Amino acid sequence: MDTVDPAVVAALARHVNPASAAFLAARMLSRRQAAGEVVIAAGGPAHGLFLLVEGELDVFVGPDGGQIRVGTIHRGTFFGEAGFFDRRASSATIRAASNVQVMELDILDFEDMLEREPRHAAVLLRVLTQVLGQRVSDTNHHILDESGAVPAGSGVLGRLWGRLFGGQA
């Protein structure tokens with residue numbers, strides 16, 4: 001096995017046990033990109049899971065020329081997990097806010113891992129389930145204002161909230 005970058009193993013070890021971190025690091029492809037470069041383009045094919053090892057990434061949604069920055073991805077964060085699971089085109093553009101190092105696990109390599117090394121695949125799936133759960137929770141908090149009420153103009157969500165919880169939309 002080739003030697004792997006200790007920074008990659010350390011980034012993975014924040015999420016998984018040391019054995020799985022070393023196993024995954026050896027199977028992920030590394031790439032460096034300069035500030036301003038697109039890592040994932042909205043509408044492009046989703047074919048991998050990513051881990052940001054160095055730097056920061058900005059997340060943009062909307063059409064070209066009218067994109068809105070909706071978030072930042074920080075070092076040590078997995079991203080691209082939704083497309084990794086459902087293989088739909090990316091819904092956001094991810095652009096390097098600084099010089100970055102990104103690791104990518106190709107979906108085909110993951111499928112091979114499921115068959116050959118299910119123990120490590122299961123560890124990664126558990127982590128990704130936690131990541132997706134946190135993303136849903138964060139989205140819910142953005143939808144609700146500080147008082148717990150659904151913001152005015154929330155349409156279907158507001159009506160559903162009112163019916164389920166008796167709140168005002």
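Leu114 lies in helix H4, where helices (H or I, at least four residues) and strands (E, at least two) are DSSP runs numbered from the N terminus. The structure is a predicted model, in which local features need pLDDT of at least 70 and side-chain atom pairs count only at pLDDT 80 or more, while totals for chains, interfaces and linings use all residues. Residues are numbered from 1 along each chain as its sequence is written, and side-chain values use heavy atoms, with hydrogens and water left out.

At 39% relative accessibility, Leu114 counts as partly exposed, since this class falls between buried (under 20% relative accessible area) and exposed (over 50%), with a 1.4 Å probe and protein chains only. Leu114 is in contact (heavy atoms within 4.5 Å) with Ala121 and Leu125, when residues up to four places away in sequence are not counted. The C-alpha atoms of Leu114 and Leu125 are separated by 10.0 Å, the two residues being eleven apart along the chain.

In soluble globular proteins, nonpolar side chains tend to be buried together. A nonpolar core is here a set of buried Ala, Val, Leu, Ile, Met, Phe, Trp, Tyr and Cys residues joined through side-chain atoms within 4.5 Å. The largest such core has 25 residues, and those with the most contacts inside it are Leu12, Leu24, Phe78, Leu105, Phe110 and Leu124. Two or more residues are given to this core by each of helix H1 (6-13), helix H2 (18-27), strand E3 (48-54), strand E8 (100-106), helix H4 (107-116) and helix H5 (118-143), and the largest share, six residues, comes from H5. Leu124 touches Leu24, Leu49, Phe78, Leu105 and Phe110, again leaving aside residues up to four places away in sequence. A second, separate core of 13 residues includes Ile40, Phe79, Ala92 and Ala96.

Strand E8 is largely enclosed by the rest of the structure, because six of its seven residues are buried. Strands are taken to pair if DSSP finds at least two bridges between them. Strand E1 (residues 29-33) pairs with E8 in the antiparallel sense over five bridges, and E3 and E8, which also run antiparallel, are joined by six bridges. Met103 in E8 is the bridge partner of Ser30, and Leu51 likewise stands opposite Met103.

Val61, which lies in strand E4 (residues 57-61), counts as partly exposed at 31% relative accessibility.
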